[in-house]
Amino acid sequence: MELSIDRLTKHYGSKIAVDCVSAELTAGVYGLLGANGAGKTTLMRMLCAILESTSGEVFFNGEEVTGMGAAYRDVLGYLPQDFGYYPNYTAGEFLAYIAALKGIPRPIAQRRIRQLLSALGLQDAAGKRMRTFSGGMKQRVGIAQALLNDPQVLILDEPTAGLDPKERVHLRNLLADYAGDRIVILSTHIVSDVEAIADQVLLMRNGRFILRGTVPELVRQAEGKVWELTVPEGQAREWEDHFTVANFRHEGDRVVLRIISEGRPAEQAVPCRATMEDLYLCYFGQEA
Amino acid sequence: MELFRLEHRKLWRKASVRVCVLLCFAYLVVFGGVLSYQWFEFGSADDVTSAFGNNFDGYAMIRAYQARADSYGAYLTDESLQRMVRDIQADNARGIRWENKDVRSTVNSYLWQLYPELEQTDNAYPILMEYYVDSSELTGLYQRRQAALEDFLRSQGQTGGEGAMLLDMNDKVQEPFRYGWVCGWQHVLGSYLPDLGVVMAVFLAIVLGPTFSGEWRSNTAPLLLTTQGGWRHLARAKILCGLAFAAELFALLAAGGVASQLVYLGTAGWDMPIQTVKMLAVAPMNMLQAEIYEYAFALLGAVGFAGVVMLLSALVKSNVLALLLSLAAAWGPAVVAQYLPYGLQKALDLLPLAGSAADIFRTNTFHIFGEYIWSPYLLITVPILTGLACLPFAAARWCRRQRA
């Protein structure tokens with residue numbers, strides 16, 4: 001199974017949202033990282049064939065996806081960023097509605113809905129109207145609808161938005177279990193989510209992939225650029241003006257700064273182990 | 001089918017839909033039906049300045065009116081008409097006034113249409129002919145009706161082939177007319193049922209206006225577009241749902257209307273010809289046939305109107321605009337008709353729910369491809385065909401917009 005992105009480009013007037021992006025995606029979890037406006041959502045919509053590209057194509061197992069039409073939608077699951085729902089429907093009814101739209105026979109849909117509601121911790125809310133749901137509950141229903149047809153290509157645009165830490169961990173485990181031999185693409189601002197489950201990470205900036213690799217590979221790129229420096233409390237803000245500071249930690253009347261810098265920022269700075277978040281800040285420190 | 005079932009449930013889940021149906025039912029069945037029969041249409045007059053000043057005794061009064069009408073025999077003849085006039089005048093002399101909904105108002109309309117030369121212009125109340133005409137002069141009722149009809153058609157310019165067609169229809173009307181209490185049927189056929197379509201149009205516009213435009217507000221396009229069935233299946237389900245809603249709303253109102261009619265009016269007089277309501281009508285129909293026609297007119301018009309509303313909903317992205325356009329489709333023809341030539345006015349009548357079910361009492365015709373067609377034939381068929389013709393365009397337009 002392969003999803004090929006071939007020089008995919010999207011222009012909105014003079015603005016270039018996605019700029020000649022290419023990639024070959026096989027089974028696994030792909031984390032799409034980038035600041036706001038990097039082009040993640042535009043790329044995902046084109047991968048879903050709901051947004052026409054200005055140029056370039058997407059192929060699923062060698063077939064161009066817009067030409068595949070319903071056959072591609074049959075293997076696709078998508079959670080949009082601002083997922084629209086019907087407030088008067090219960091979670092069960094909403095999922096049944098989407099299942100009907102996905103052409104899933106009713107008995108199979110009912111069974112699948114029960115499984116998903118249970119897996120996402122929504123079994124008690126199945127009969128409640130969605131207008132009464134919290135943001136996290138709605139998001140979980142959105143994830144459930146994307147999984148209804150057991151898709152081979154699952155595209156999730158910010159799936160962890162609105163989820164509390166426990167729900168995020170639960171979702172991460174669910175997706176890790178689910179991925180197997182499927183292609184899962186998720187975008188998020190929460191670097192730790194990507195770090196936890198992504199087999200491959202794609203860093204996007206100005207509509208382009210600027211970096212791609214596994215988490216350890218990418219983290220290695222940040223090694224030697226992360227420093228800890230202990231300074232008096234009054235000087236902490238001055239350091240922030242000159243460097244990307246990933247973290248402030250107070251220790252008595254002093255502050256331990258975690259600084260991202262190509263070179264040693266000060267004599268007394270000590271190198272420390274890098275994380276994905278450090279890598280992210282290396283690239284997006286100024287805009288993030 | 002599953003999608004239709006769920007779409008249908010989604011529609012009925014909306015509070016606005018339930019409120020609309022409730023209001024529509026309350027206005028037509030409770031206000032226009034039950035309260036109208038019991039109180040302000042058929043209740044005995046108490047305060048003559050307002051129908052709402054009537055007494056709350058419609059049920060008993062209707063029974064009394066029916067009994068009085070039945071006492072004049074089963075057929076309308078010169079003799080029965082003369083007896084009615086004599087009784088009205090005798091009671092008037094004793095200071096007893098007959099209620100408006102009694103046989104008096106029917107007799108008054110017969111006299112005006114068939115015996116206009118008996119009007120006394122110097123009388124204090126010349127329009128109340130039943131109080132002063134000499135009953136012995138009320139003869140030749142059916143000959144006079146024939147002459148009045150021919151005069152009327154001539155005065156309307158309906159001569160030649162058109163006049164001949166209408167007179168041919170009239171020849172099938174059986175004489176003498178079966179006779180009973182007319183005012184109840186007059187209310188149903190001349191007021192309640194013609195209003196049914198107009199009121200339904202408003203509520204159909206409110207409920208079905210957001211059928212397609214509402215999806216933009218829900219922001220569901222990205223979801224719908226990535227489903228296997230996608231927007232095309234959904235468009236089909238939405239259209240079926242809209243048509244089903246129109247039929248359901250009609251069924252609810254029709255059931256309520258018929259039930260209140262049966263309770264208050266019963267079935268008496270179903271076989272009277274509609275000419276007992278309007279003497280110069282030419283259709284050979286009895287009251288029951290006319291009622292079936294008017295209900296069919298409302299149902300087919302409502303389904304046709306639903307089609308138009310759904311097309312308008314697919315054309316725009318705003319619910320408010322969809323509603324305004326739908327209301328314009330309902331009332332616009334009536335508003336602009338007065339500024340248009342007669343031919344165009346009649347053409348506008350063929351839009352769903354724009355014409356009137358009461359055309360069965362009239363001699364309106366359409367002249368198409370050299371043929372004269374009595375207007376009710378087209379008023380009942382063209383609106384639904386128009387509405388159904390809108391549906392493929394609605395689906396195609398919405399699907400194209402969703403993709404764009």
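Modeller: Domain bounds, as used here, come from an automatic or database domain assignment. Residues are numbered from 1 along each chain as its sequence is written, while chains are lettered from A and ligands numbered from 1 in the order in which they are written. This is a predicted model, in which local features need pLDDT of at least 70, side-chain atom pairs count only at pLDDT 80 or more, and totals for chains, interfaces and linings use all residues.

Biologist: Into which domains is chain B divided?

Modeller: Domain 1 of chain B takes in residues 2-40 and 181-403, and domain 2 takes in residues 70-178. Their centres, computed over C-alpha atoms, are separated by 35 Å.

Biologist: How many residues of domain 1 of chain B are in contact with domain 2 of chain B?

Modeller: Two residues are in contact if their C-beta atoms, placed from the backbone, lie within 7 Å. In chain B, 17 residues of domain 1 are in contact with 26 residues of domain 2. The side of domain 1 that touches domain 2 has 12 nonpolar residues, four polar and one charged. In this classification Ala, Val, Leu, Ile, Met, Phe, Trp, Tyr, Cys and Pro are nonpolar, Asp, Glu, Lys and Arg are charged, and the others, Gly among them, are polar.

Biologist: How many helices and strands does chain B have?

Modeller: Helices (H or I, at least four residues) and strands (E, at least two) are DSSP runs, numbered from the N terminus. Chain B has 15 helices and four strands, whereas chain A has 11 helices and 14 strands. Along the principal axes, the C-alpha trace of chain B spans about 80 × 50 × 35 Å, and the C-alpha atoms of chain A fill a box of roughly 70 × 45 × 35 Å.

Biologist: What percentage of the 404 residues of chain B count as buried?

Modeller: A residue is buried if 20 or more other C-beta atoms, placed from the backbone, lie within 10 Å of its own. On that basis 45% of the 404 residues of chain B are buried; for chain A, with 288 residues, the figure is 45%.

Biologist: Which residues touch the most other members of the largest nonpolar core?

Modeller: In soluble globular proteins, nonpolar side chains tend to be buried together. A nonpolar core is a set of buried Ala, Val, Leu, Ile, Met, Phe, Trp, Tyr and Cys residues joined through C-beta atoms within 7 Å. The largest one here has 209 residues, and Met200(B), Leu204(B), Ala302(B) and Met310(B) touch the most other members. Helix H12 (residues 287-315) of chain B gives the most to this core, with 17 residues. Beyond its neighbours within four places in sequence, Met310(B) has contacts that include Leu208(B), Phe212(B), Ile239(B) and Leu391(B).

Biologist: How many residues does each chain give to the contact between chain A and chain B?

Modeller: Chain A gives 23 residues and chain B gives 21. On the side of chain A, the elements with two or more residues are helix H3 (70-74), strand E6 (76-79) and helix H4 (91-101). H4(A) provides the largest share, six residues. By class, this side of chain A has 14 nonpolar, three polar and six charged residues.

Biologist: In what order do the strands of the four-stranded open sheet of chain A stand?

Modeller: Two strands pair if DSSP finds at least two bridges between them. The order in this sheet is E2-E1-E4-E5 (chain A), with antiparallel pairing. Strand E2 (15-26) and strand E5 (63-64) of chain A are the edge strands, and each pairs on one side only. Helix H1 (residues 40-47) of chain A packs on the sheet, touching strand E1 (2-12), E2 and E4, and its direction makes about 55 degrees with that of E2(A). Such angles run from 0 to 180 degrees between N-to-C directions, and the axes are lines fitted to C-alpha atoms, for helices over the stretch in contact.

Biologist: How many bridges join E1(A) to E2(A)?

Modeller: Eight bridges join these antiparallel strands, and Leu3(A) has Leu25(A) in E2(A) as its bridge partner. E1(A) and E2(A) form a hairpin with two residues between them, and Gly13(A) in the turn has a positive phi of about 60 degrees. E1(A) also pairs with E4(A), over five bridges in the antiparallel sense; there Asp6(A) stands opposite Glu57(A).

Biologist: In the six-stranded open sheet of chain A, is the pairing mixed or antiparallel?

Modeller: The pairing is mixed, and the order is E6-E7-E8-E3-E9-E10 (chain A). E6 and strand E10 (208-213) of chain A are its edge strands. Strand E3 (residues 28-34) and strand E8 (residues 183-187) of chain A pair in the parallel sense over five bridges, with Gly28(A) opposite Ile183(A) in E8(A).

Definitions and conventions
Buried ≥ 20, exposed ≤ 12 C-beta atoms within 10 Å, placed from the backbone.
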